[in-house]
Amino acid sequence: MKLADNKATLSFSNGSPSVELPVYQGSVGPDVVDIRKLYAQTGMFTYDPGFLSTAACQSAITYIDGDKGELLYRGYPIEQLAVNCDYMETCHLLLYGELPTAAGKKDFSRLVTMHTMVNEQMQLFMRGFFRSAHPMAIMTGLVGALSAFYHDSTDINNPQHREISAIRLIAKMPTLVAMAHKYTVGQPYMYPRNDLSYSANFLHMMFATPCEEYKVSPVLERAMDRIFTLHADHEQNASTSTVRLCGSSGTNPFAAIAAGVACLWGPAHGGANEAALNMLENIQKNGGVEKIGDFIKQVKDKDSGVKLMGFGHRVYKNYDPRAKLMQETCKEVLKEMGLENDPLFKLAMALEKIALEDDYFVSRKLYPNVDFYSGIVQRAIGIPVSLFTAVFALARTVGWIAQLNEMIGDPEYKIGRPRQLFTGSVRRDVQPIAKR
């Protein structure tokens, strides 16, 4: 980061001396006011619930301009990456800062492929869960348990350990997600195959059985790869910040990523596409497209408690750049599966049309986001709704790892220690129990 020519001045109305604070500039985006010495100079902290106005780190990985509807991975627009690159190239980009050459992609993909198997004892570990357990509960346990199997890559301060743990996590997440699915439906686990691409291998482990050969559809393979690419990273969101905060203590990479999985589980974060699809299914049960007007009225009524899921975004104040790409993928998948007349997709189209034309939604910039369509795509592919967030975690793992490694390599990084505005009781003395 670059020190700006100007400085910020903090003044007080009570006559306390003013304080000058340095201002830093990034390559793009808002400048930041450096408040690291604020407490030493004034005896005060800043108050920013949710850290909505606080830059907790400097990063060169992902940049979002919410007003423009722009998402960049290492400077590359997501629209270009999703069309011209696959997920393995995107992983290489996020981890190492550059897109691979043809030879580099081959080597990287091969390295990931050779680590897709998991220790056979993982199958015994799985038996400790109820079959009805939510896949994210299983994933939180499995990812954290990897540190018990791979002792040779748990030192977060060792660059070689971070390298091998990164490859292992990226490689094994599809296997673990597929295992969680097979376990909950009572089917045999399918081992990974080295002759398949990353996305095709995931679909094979998800839907193949020992009874007959399973051929992966190129359309579904491409769709799955796009889902992974669009969700690979998203700047300093809740789960990424959780991974950074957890990793700042020096814990092992597997534990830090497990913390990210746990955070992603929340319906306000990774569970958003599951919530969007559940919303569409509820509308369909209550009359579908013909009754969509009644649903819209409920959404506009603040007292109804009904929310429009899959529209609007905490960051984007314009159209989510990933949504258009996912809409295209949605149409391709539905055509491939013979579901062009799928009632949920027709309902989604009708809902989107209303949201893009109705002043109530337009004025609030409630545009469709990526979650609105990704749920429909996954449902059409055959992925259960309860597994949507686990697929999201699979895709986001590379982003978490890249952010974690960047933090560890930052000479300014420290263990996270947020402050508070204390509003509890002032100091008081404990009375003997007879006098209380």
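Close-up 1. Phe45, with a relative accessibility of 38%, counts as partly exposed (buried is under 20% relative accessible area, exposed over 50%, partly exposed in between, with a 1.4 Å probe and protein chains only). Tyr39 is likewise classed as partly exposed, at 48% relative accessibility. This is a predicted model, in which local features need pLDDT of at least 70 and side-chain atom pairs count only at pLDDT 80 or more, whereas totals for chains, interfaces and linings use all residues. Residues are numbered from 1 along each chain as its sequence is written, and side-chain values use heavy atoms, with hydrogens and water left out. The whole structure holds 11 aromatic pairs (rings of Phe, Tyr and Trp, the last by its six-membered ring, with centres within 6.5 Å; planes under 30 degrees apart are stacked, over 60 edge-to-face, the rest tilted). Among them, Tyr39 and Phe45 are stacked, with 4.6 Å between centres and 15° between planes.

**Close-up 2. The aromatic pair of Tyr87 and Phe228.** These two rings are tilted, at 5.4 Å centre to centre and 55° between the planes. The pair links distant parts of the chain, 141 residues apart, with Tyr87 in helix α3 (residues 87–96) and Phe228 in helix α9 (residues 218–230); helices are DSSP runs of H or I, at least four residues, numbered from the N terminus. Tyr87 is buried at 1% relative accessibility, and Phe228 is buried at 0%. Ring pairs join Tyr87 and Phe228 with Tyr198 and Phe202 in a cluster.

**Close-up 3. Arginines over tyrosine rings, Arg131 with Tyr183 and Arg364 with Tyr360.** A charge sits over a ring if NZ of Lys or CZ of Arg is within 6 Å of the ring centre and within 35 degrees of the ring normal. Arg131 lies over the face of Tyr183, 4.3 Å from the ring centre, while the charged end of Arg364 is placed over the ring of Tyr360, at 3.8 Å from its centre.

Technical notes:
Helix = DSSP H or I, 4+ residues; strand = E, 2+ residues; numbered from the N terminus.
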